[in-house]
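Hi everyone, thanks for making time this morning. I'd like to walk you through some side-chain packing, so please have a look at the structure as we go.

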Amino acid sequence: MTRPPSKCAVCQVNRVAWTKPRMDFCYACVPGGPVTPPPCRGCGSADYFSQGLCDVCHPGAPLHPGSCRGCLAWGVHRANNWHCWSCRWWYTHYPEGECMVCGRYTPIGDAGTCRLCLVEGRRTKEPGRAIDYDAVARCGQQLYLANLHVAYARGETRRAFAARQRPGPEPQLPRRDHFTPTRWRQLLLFRMPPHSADRTALKRKITVPDTDMLAYCDGILRDHATRHGWSKKLTNEVKRSLKLLQALQDTPGAKIHASDVLDLPRLGGTALSTLEILDAADLLIDDRTLAVRHYFAKHTADLPPKMTDQLQIWLDVMIDGSRQAPRRRARHPQTAHLHILGMAPILRAWAAEGHQSLAEITKGEVVAALPERGAHRNFAEHGLRSLFTVLKARKQIFMNPTRGLRVTPVGATIPMPLDTEAIRNALNSPDPACAFAVALVAFHALTSPQLAALQLTDVRDGRLNVDGRVIPLAGPVRTRLRAYLDHRARTWPDTVNPHLFINRKTAPRTTPVSRNFPWVKAQLKPQALREDRILQEIHATGGDVRRICDLFGLSIDAALRYASTLEHPELTTANPQKVTLPEAP
């Protein structure tokens with residue numbers, strides 16, 4: 001579709017008179033004007049739009065007719081996003097997918113067809129018989145004018161006509177309060193990836209009558225959707241995803257693996273919401289693999305078998321912990337990830353030297369293999385110490401070669417201030433969530449995990465309760481808080497998510513947002529913005545360590561890191577504008 005021409009540089013209402021040759025004014029605002037616009041050179045109309053054409057003939061005008069994106073009917077306008085009245089409702093209630101009749105990728109209904117094929121099937125079907133979609137596929141579709149394929153009733157308004165064209169209430173399956181999954185499972189000679197299946201056969205399976213398992217899941221889906229404020233479109237997406245899983249099952253009626261659900265987006269389904277319904281129905285087998293295990297397999301693929309087995313023992317203890325003596329608590333997967341990052345080059349070097357087992361490694365080889373300096377040396381030291389400690393406790397090696405080795409301290413970085421203009425732009429962002437998050441960090445130095453964990457009940461009477469601290473909110477923060485709460489209530493009025501920050505993915509559920517939200521739009525790093533705020537406070541108070549510890553919840557060592565910048569040549573009072581917090585408008 002042709003983009004509309006730009007608006008007049010003066011009035012910002014009318015479109016520019018000409019784009020080739022370029023003119024930045026409309027005929028009413030042209031210097032020396034106003035000037036009466038010429039008639040349309042296409043139809044002679046006096047309703048001038050731009051480029052010598054009227055608001056009907058110009059391809060970028062709001063009244064220029066075109067084809068509907070859904071049913072291909074002729075006569076829709078740009079103002080309605082190129083949709084007829086019925087397709088506007090259809091797009092808000094049904095998910096996108098591949099039509100089983102025409103093969104187009106467009107929103108499809110419960111029958112697995114697009115609206116064009118559905119209307120054609122209704123037009124050609126015999127009275128008292130079901131729609132024959134095979135006949136529709138053989139004969140093709142009859143195109144028509146938009147909003148006119150059914151005759152108007154006398155005196156009927158456009159809104160009433162559009163409402164009459166919508167499909168009737170969807171027939172609900174008989175509710176089942178209990179379902180017992182099949183206890184046996186058909187063993188497979190080899191597993192075919194779902195995306196490699198025959199799409200024609202898959203479409204036929206989707207249209208078969210619903211099973212008892214789908215009837216049981218349908219009742220849970222309706223209750224869950226009502227309780228969490230799901231839209232009709234999301235509910236239909238999950239319903240279609242459940243039908244896809246039923247068609248892909250090797251053992252009908254058995255529980256469903258989470259790995260099969262995660263492949264649904266390749267077939268036009270939705271994964272996260274479907275996982276929630278299957279988990280609520282107790283029909284989910286969670287066989288998902290942690291990302292750190294994939295990372296581990298990637299970096300140990302070329303190591304000797306004995307060494308790989310020893311590393312696998314260490315990874316299992318790190319991820320799952322150990323209840324047998326010596327007992328050990330499970331560590332965070334990110335800790336194991338950093339250990340693997342530091343150890344992987346050293347392990348490959350030992351394997352290249354001919355070592356088959358970690359029991360052959362001596363203390364001298366450990367010292368010689370460590371990097372000279374930097375964070376990678378620190379990662380390698382902590383990783384090797386953890387590795388050999390676990391292997392010694394599991395009697396996989398005779399001695400711990402890292403015993404007695406001191407860990408090299410990592411050099412502390414110097415916190416630096418951010419650009420004041422960048423902070424001001426982020427504070428005035430048009431996105432209410434972005435502006436509010438930036439204000440919380442810029443004025444009160446909250447961390448990214450604290451922002452994600454905030455709940456609505458943590459804000460009371462203009463005060464914020466975070467980790468046992470009560471923070472009186474600054475005036476600019478309260479202003480942005482009100483704007484964000486209005487935006488939140490207006491965008492997701494039915495959400496039950498208790499967290500303060502929500503987005504499109506977390507609004508239908510109760511999980512927090514990721515730590516990257518909304519910092520991609522802010523174009524700032526929350527840690528750098530937090531350091532900028534603490535740096536400003538330490539310079540404003542002349543190095544009062546106790547104050548910033550109480551104000552921002554820092555430890556003494558962390559506060560001394562900021563206090564050490566008082567004599568830094570680039571952070572002295574001779575250049576104060578670098579550490580001045582911008583005032584909100």
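**Rings and cores**

Let's start with two residues, phenylalanine 436 and phenylalanine 501, which are both buried. Please keep in mind that this is a predicted model.

How are these two rings arranged? Phenylalanine 436 and phenylalanine 501 make a stacked aromatic pair, with 5.4 Å from centre to centre and 25 degrees between the planes. This pair links distant parts of the chain, 65 residues apart: phenylalanine 436 sits in helix H16, and phenylalanine 501 in the loop between helix H18 and helix H19.

Phenylalanine 501 also pairs with tyrosine 484; here the centres are 5.3 Å apart and the planes are at 35 degrees, so this pair is tilted. Tyrosine 484 belongs to helix H18, 17 residues away from phenylalanine 501 in the chain. Tyrosine 484 is buried too.

Now, what else does phenylalanine 501 touch? Leaving out residues up to four places away in sequence, its contacts include Ala433, Leu440, Leu451, Leu454, Val513 and Phe517.

That brings us to the largest nonpolar core, with 34 residues, where Leu440, Leu451, Leu454 and Phe501 touch the most other members. Which helix gives the most to this core? That would be H16, with 10 residues. Apart from this core there is another one, of 29 residues, with Met318, Met343, Ala351 and Leu384 among them.

Two last stops elsewhere. Trp89, Trp90 and Tyr94 are joined into a cluster by ring pairs. And arginine 561 lies over the face of tyrosine 562, 5.4 Å from the ring centre.

Methods: Residues are numbered from 1 along each chain as its sequence is written. This is a predicted model: local features need pLDDT of at least 70, side-chain atom pairs count only at pLDDT 80 or more; totals for chains, interfaces and linings use all residues. Side-chain values use heavy atoms; hydrogens and water are left out. Rings of Phe, Tyr and Trp (its six-membered ring) pair if their centres lie within 6.5 Å; planes under 30 degrees apart count as stacked, over 60 as edge-to-face and the rest as tilted. Helices (H or I, at least four residues) and strands (E, at least two) are DSSP runs, numbered from the N terminus. Buried means under 20% relative accessible area, exposed over 50%, partly exposed in between (1.4 Å probe, protein chains only). A charge sits over a ring if NZ of Lys or CZ of Arg is within 6 Å of the ring centre and within 35 degrees of the ring normal. A nonpolar core is a set of buried Ala, Val, Leu, Ile, Met, Phe, Trp, Tyr and Cys residues joined through side-chain atoms within 4.5 Å. Contact means heavy atoms within 4.5 Å.
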